[in-house]
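Please have the sequence and the model open as you read.

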Amino acid sequence: MSVLVLVDIQNDFLPGGSLAVSQGEKILPVVNKLLTLPFDSIIATKDWHPKSHQSFAANHCAEPGQIIILRGLEQILWPVHCVQDTYGAELSKELNLQRIDKIIYKGTDESVDSYSTFFDNGHFKSTGLDKYLREQHLEEVYIAGLATDYCVKYSALDALKLGYKTYVVIDACQGVNLNPNDSREALDKIKEAGGVLITSQEVTKKIGRGSGL
Ligand code: VGL
Ligand code: ZN
């Protein structure tokens, strides 16, 4: 059975947000098209940080982009973003949200970041997504969202490690590109690891076919 996982399509990652992904808004109509397809389940993830989150440069009197060590892991410092219960952390209202069955929250522990929607960056704790997918027999995972070079990348690589048939919908993702090739390299890594890069049009053919039959 198939699941669409929408990664972090939140106001702070869209134009006007504090960690806006350039041209992030371009994915919204594509994602809305995916939301009309008969996936067996649709999940959205939310980057969901406490104000005290240690990935925020402001909590270290540092500048965004600097790298520190957090619980033994390299951590890029980001502008304050996706703080719990703020507008920036809400899913974009331009999405047709009624079709979303479940929300997965990540980055809730102030001491470690969580790019993957399955585990935090240290693999200390899981978000509950793997358990949910297994319980619901959702073995084909279609990933879309923001950002290609962080949360989409690590979510896809974890999905593959966990044994899911993993598709990344390339025209429904957009990257931060701190370095200009980061998104390209992220997609290459996903492909090398066994992931399938697919367009929304191809997804429509695969998932759309069979609907109503
Ligand atoms: C993300 C940086 C920091 C993402 C989240 O959703 O890709 N990137 N937190
Ligand atoms: Zn974050």
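Ligand 1 sits in the largest cavity, where sitting there means that more than half of its atoms lie within 2 Å of the cavity's grid points. This is a predicted model, in which local features need pLDDT of at least 70, side-chain atom pairs count only at pLDDT 80 or more, and totals for chains, interfaces and linings use all residues. Residues are numbered from 1 along each chain as its sequence is written, chains are lettered from A and ligands numbered from 1 in written order, and side-chain values use heavy atoms, without hydrogens and water.

The shell around ligand 1 divides into eight nonpolar, one polar and two charged residues; Trp-78 and Tyr-115 are among the residues around the ligand. Its polar contacts (pairs of N or O atoms within 3.5 Å) include these:

| Residue and atom | Ligand 1 atom | Distance |
|---|---|---|
| Asp-47, polar side-chain atom | nitrogen | 3.0 Å |
| His-81, side-chain N or O | nitrogen | 3.1 Å |
| Cys-151, backbone N or O | oxygen | 3.2 Å |

Alone, ligand 1 exposes 260 Å², and the protein buries 99% of that (Shrake-Rupley method, 1.4 Å probe).

Definitions and conventions
Near = heavy atom within 4 Å. Polar contact = N/O pair within 3.5 Å; in protein donor to acceptor, adjacent residues only side chain to side chain. 1 Å grid on protein atoms, 1.4 Å probe; cavity = no way out; pocket = protein on both sides within 12 Å on 5 of 7 lines; lining within 4 Å. Nonpolar A, V, L, I, M, F, W, Y, C, P; charged D, E, K, R; others polar.
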